[in-house]
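Please look over the sequence and the model shown below before reading on. The report then takes up a few helices, contacts and pairs one after another.

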Amino acid sequence: MYKKQMSAQRIICLLSIVASVLVFIYALGIMTDMYDSLKPTMMNDNDYTQTMVPGSIVYYDMQPFNRVLLRVGIGLILLSCLLFITNTHSRRKYYIGNYVAVLLNVAANVIAAIWAHGQITAFRAQFLQVDFAALEMFSQAMKTLYTESTFWFDAHYAVFALTLFSSALLMVNVIWKMRLMKEERQLIEAGKAVSA
């Protein structure tokens with residue numbers, strides 16, 4: 001039983017890193033389409049209200065959020081690395097450091113998912129207020145990208161679902177590990193009682 005659990009915990013820790021890296025990559029990509037389509041509509045970098053397309057200010061409104069999301073992605077990667085630093089991926093018996101690493105990962109993933117979801121859905125609604133007719137005319141005249149797609153906003157459901165899924169698996173793994181450690185202790189105590 002321990003072999004299955006040890007294999008599973010290695011896979012779960014790797015999944016946690018993959019999910020964190022995906023958050024970072026998502027943070028890098030979320031502004032791509034908006035940069036190509038909305039940034040050129042701004043006439044004055046000192047006054048974002050001077051635009052050829054009403055509503056395109058959402059591109060600038062999202063900048064502070066995007067910077068924080070990048071930092072969150074880096075933080076999640078570092079916390080996932082903590083699982084490997086504490087040998088959570090390979091340790092037969094867990095110690096306090098392993099539990100702390102798992103709890104920090106789970107808490108950070110849940111908080112990040114809730115925070116990002118609230119922000120991204122609000123910015124998605126703001127993006128949908130863009131005057132797309134004016135944007136289409138501008139993009140045809142200036143040969144810039146035209147898009148009404150909310151793909152990058154909607155992709156956060158998949159990205160953060162993976163982080164929450166990896167967090168749930170980390171918790172299941174800890175419970176499984178605790179049960180196996182308890183059973184092992186009972187077997188050892190039973191063996192000592194028989195030999196005495």
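Predicted model: local features only at pLDDT ≥ 70, side-chain atom pairs only at ≥ 80, totals over all residues.

Residues are numbered from 1 along each chain as its sequence is written, and side-chain values use heavy atoms, with hydrogens and water left out.

**Helix H4**

Helices are DSSP runs of H or I with at least four residues, numbered from the N terminus. Helix H4 covers residues 63–85, and its 23 residues reach 33 Å from the first C-alpha to the last. That span is close to the 33 Å expected at 1.5 Å a residue, where the expected value is 1.5 Å times one less than the number of residues. Burial is judged by relative accessible area, with buried meaning under 20%, exposed over 50% and partly exposed in between, for a 1.4 Å probe and protein chains only. By this scale the buried residues of H4 include Phe65, Leu69, Gly73, Leu76, Ser80 and Leu83. An α-helix has 3.6 residues a turn, so residues three or four places apart point the same way. Gly75 also has its place in H4, but Gly75 is partly exposed, with a relative accessible area of 28%. Between Gly75 and Phe160 there are 85 residues of separation in sequence and 15 Å in space, C-alpha to C-alpha. After H4 comes Asn87, whose phi is positive, near 60 degrees.

Helix H5 spans residues 96–127 and holds Leu104. Together with Ile96 and Val100, Leu104 forms a nonpolar patch on the surface, with about 280 Å² of accessible area in total. Such patches are made of residues with over 30% relative accessible area and no salt bridge, in which nonpolar side chains (Val, Leu, Ile, Met, Phe, Trp, Tyr) are joined within 5 Å and like charges within 9 Å; the areas come from the Shrake-Rupley method with a 1.4 Å probe, and for residues only the protein chains shown count as cover.

Contact means heavy atoms within 4.5 Å, and, leaving aside residues up to four places away in sequence, Ala113 touches Phe160 and Leu164. Ala113 and Leu164 stand 51 residues apart in sequence and 7.5 Å apart in space, C-alpha to C-alpha.

Helix H8, residues 156–195, is the place of Asn173. Is Asn173 buried or exposed? Asn173 counts as buried, at 2% relative accessibility. With residues up to four places away in sequence not counted, Asn173 touches Gln5, Gln9, Ile12 and Tyr94.

**Aromatic pairs**

Rings of Phe, Tyr and Trp (its six-membered ring) pair if their centres lie within 6.5 Å, and planes under 30 degrees apart count as stacked, over 60 as edge-to-face and the rest as tilted. A search of the whole structure finds nine such pairs, and the table gives two of them.

| Aromatic pair | Centre to centre | Angle between planes | Kind |
|---|---|---|---|
| Tyr59 and Tyr60 | 5.0 Å | 80 degrees | edge-to-face |
| Phe151 and Trp152 | 5.4 Å | 75 degrees | edge-to-face |

Tyr59 is buried at a relative accessible area of 7%, and Tyr60 is buried at 13%. Phe151, by contrast, is partly exposed at 49%, as is Trp152 at 25%. Ring pairs also link Phe151 and Trp152 with Tyr26 into a cluster.

**Salt bridges**

How many salt bridges does the structure hold? The structure holds two, a salt bridge being a side-chain nitrogen of Lys or Arg within 4 Å of a carboxyl oxygen of Asp or Glu. In one, Asp154 pairs with Arg124, the closest N and O atoms being 2.8 Å apart. This pair links distant parts of the chain, with Asp154 in helix H7 (residues 151–154) and Arg124 in H5, 30 residues apart. Asp154 is partly exposed at 30%, and Arg124 is partly exposed at 29%.

Arg179 forms a salt bridge with Glu183, and there the closest N and O atoms are 3.3 Å apart. Arg179 and Glu183 are four residues apart in helix H8, so they are separated by about one helical turn. Arg179 is partly exposed at 42% relative accessible area, and Glu183 is partly exposed at 35%.

Conventions: Helix = DSSP H or I, 4+ residues; strand = E, 2+ residues; numbered from the N terminus.
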